[in-house]
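Please read this report alongside the sequence and the 3D structure, taking one topic at a time.

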Amino acid sequence: MPEASIAPIVADLLVVLAAGLISGLVCRRLGVSLLIGYLIAGSIVGPGGLRLVRGDSDDLRHLAEAGALLMLFAVGIEFSPSDLRNLGRAFLVGGPIQMILVALPLILVTRLVGFSWNAAILAGSAGALSSTVLVFRSLLELGRTATPEGRGAIGILIFQDIALVPLLLLLPLLTGEGPPPGPAAYATLALQALAFLILVGVAREAIARGLVPLLAQLRSVELVVLSTLSILGGLATLAVALGLPAAVGALAAGVALSGNRLSKQIDSIVLPFRESFAAVFFVTTGSLLDPSILTREPLLLTLGLAGILILKTAAGTVALRACGLGWAPALAGGLGLAQLGEFALILAAQGVHHGLIDSLNAERMLAIAIGTLILTPQLLRAGLERLPPGSSTPPQPSFDGVARARCALVIGLGPIGRQVASRLEIMGLEVRLLDLSPINLQPFEQSGFHAVAGDARDPAVLRRAGVAEADLIVLSVPDDAIAIQILQTIRELNRNTTILVRCRFQSSTNRLKALGATAVVSEEAEASGRLIALCEQHFAASLANA
């Protein structure tokens with residue numbers, strides 16, 4: 001009778017997942033990024049540590065690549081052209097400056113230490129990328145996402161995410177998989193990319209007009225999952241067929257599924273797959289690091305770590321200064337951009353896989369990357385805490401030059417909308433009301449208010465409510481996605497009115513402002529701010545009573 005055994009790939013995968021789980025629990029307890037834990041765990045279980053994972057497992061590498069594809073898919077599905085317009089100079093000016101000021105010195109240094117030109121370009125471009133997830137989470141925890149330096153840093157990070165596209169397109173030329181670099185090769189690449197871009201645009205329209213309404217009608221989570229994975233796999237395969245990296249296809253799949261009514265649901269459904277496979281990717285990447293390198297080359301690694309931190313901080317500071325920030329907030333934002341991010345590791349892993357970067361240099365890059373990921377949250381916190389008072393105040397809406405308001409329209413008559421309507425009426429404005437439910441409107445109609453029942457996303461309903469005559473519109477609906485749709489319709493009908501919007505989640509604020517909201521009040525931000533203030537009062541009282 002044959003002896004039962006576990007396939008090597010299954011054993012490797014179980015070890016990687018267990019290492020990811022244990023490191024994740026430790027990182028949560030310590031309050032540090034899971035990314036750091038995954039990389040360190042990989043170095044411990046890998047060939048240079050406990051040797052629990054095979055270093056030459058192609059099957060495991062394929063699973064790790066699936067994690068990279070899902071992470072790129074997540075970047076694509078969050079893409080919004082309106083967000084780019086809202087970020088302005090930080091995206092258009094700060095992003096290119098930061099990447100150029102980091103990439104060029106790194107390319108020259110790596111070339112001087114023996115890298116080939118292709119390897120140096122890949123390493124320098126990877127080194128210019130920072131961690132969007134780590135920086136955004138740090139800013140969110142510190143309550144600084146809406147400050148000038150916070151918004152500037154986020155604008156630069158989004159530029160880096162989009163810069164992934166040309167970097168990924170260049171991968172075949174850099175790794176030698178494509179034709180030799182030259183005018184003909186670049187022209188061919190441009191034509192391939194253009195053809196793929198057209199196909200993605202067609203797919204996006206077909207998905208939005210055909211597939212999304214069908215899935216919404218069928219109300220099947222299983223079909224949404226299967227459709228998403230089919231589109232992801234299909235576009236990745238199409239990209240490879242056109243001579244482009246599969247990573248470009250994954251990014252394009254996210255873009256194709258973005259901006260529709262199911263985008264948030266798709267993102268939440270894919271989240272467990274993405275997080276699981278991302279853990280496999282980072283633990284597997286960490287297994288390339290031999291921990292003994294820390295004792296073999298401590299001086300070189302320390303100098304490399306210091307050099308990266310100084311270079312990326314300086315580049316980020318100059319970029320944010322070029323966006324109009326003062327030196328102090330620009331330095332604080334620059335400190336937050338000083339780490340090597342997750343997509344830098346993806347590009348570096350491609351270099352290792354194709355032989356552009358040898359194992360020793362890969363270990364050095366990983367060790368330095370882990371050091372930057374550990375240090376930059378603390379550096380960012382220290383930089384923000386040392387800002388002079390008032391230099392980091394979030395921008396306030398300006399009502400200068402606004403004509404005297406005579407007519408106000410309140411959309412959404414829940415508890416918040418009712419209080420606002422009553423207050424506006426006391427202030428002497430003509431108040432008009434719009435709500436989906438006639439029951440909510442009945443008491444106001446009995447009091448003589450002009451009230452309309454209907455869906456505010458319908459232009460005809462908005463016209464009946466008097467949207468064209470309103471000097472002030474208060475939009476107070478409990479669903480952010482619906483609020484966005486209503487806001488778009490309002491702006492099409494009245495481009496000059498002041499629109500004040502209530503939303504649930506802080507993440508919706510930038511989108512609403514980009515679409516024309518004069519000011520946005522986030523329930524999430526207001527509640528967290530109030531709770532923090534109460535915690536501070538409690539702490540101060542406990543110190544006084546001690």
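E275 counts as partly exposed, at 38% relative accessibility, where buried means under 20% relative accessible area, exposed over 50%, and partly exposed in between, with a 1.4 Å probe and protein chains only. Its partner R274, by contrast, counts as buried because its relative accessibility is 12%, and the side chains of R274 and E275 meet in a salt bridge with an N to O distance of 3.9 Å. A salt bridge here is a side-chain nitrogen of Lys or Arg within 4 Å of a carboxyl oxygen of Asp or Glu.

This is a predicted model, in which local features need pLDDT of at least 70 and side-chain atom pairs count only at pLDDT 80 or more, while totals for chains, interfaces and linings use all residues. Residues are numbered from 1 along each chain as its sequence is written, and side-chain values use heavy atoms, with hydrogens and water left out.

## Other salt bridges

The structure holds nine salt bridges. One of them joins E469 to R432, with the closest N and O atoms 3.4 Å apart. E469 lies in the loop between helix 20 (459-465) and strand 4 (472-476), and R432 in strand 2 (residues 430-435), so the pair ties together parts that are 37 residues apart in sequence; helices (H or I, at least four residues) and strands (E, at least two) are DSSP runs, numbered from the N terminus.

Another salt bridge brings together the side chains of E523 and R502, at 2.5 Å from N to O. Because E523 belongs to helix 23 (residues 523-545) and R502 to strand 5 (residues 498-503), this pair ties together parts that are 21 residues apart in sequence. E523 is partly exposed, with a relative accessible area of 30%, whereas R502 counts as buried at 19%.

## The nonpolar cores

In soluble globular proteins, nonpolar side chains tend to be buried together. A nonpolar core is a set of buried Ala, Val, Leu, Ile, Met, Phe, Trp, Tyr and Cys residues joined through side-chain atoms within 4.5 Å, and in the largest one, which has 95 residues, F282 and L347 touch the most other members.

Which residues is F282 in contact with, leaving aside its neighbours within four places in sequence? They are L35, Y38, L39, M71, E342 and L345, where contact means heavy atoms within 4.5 Å.
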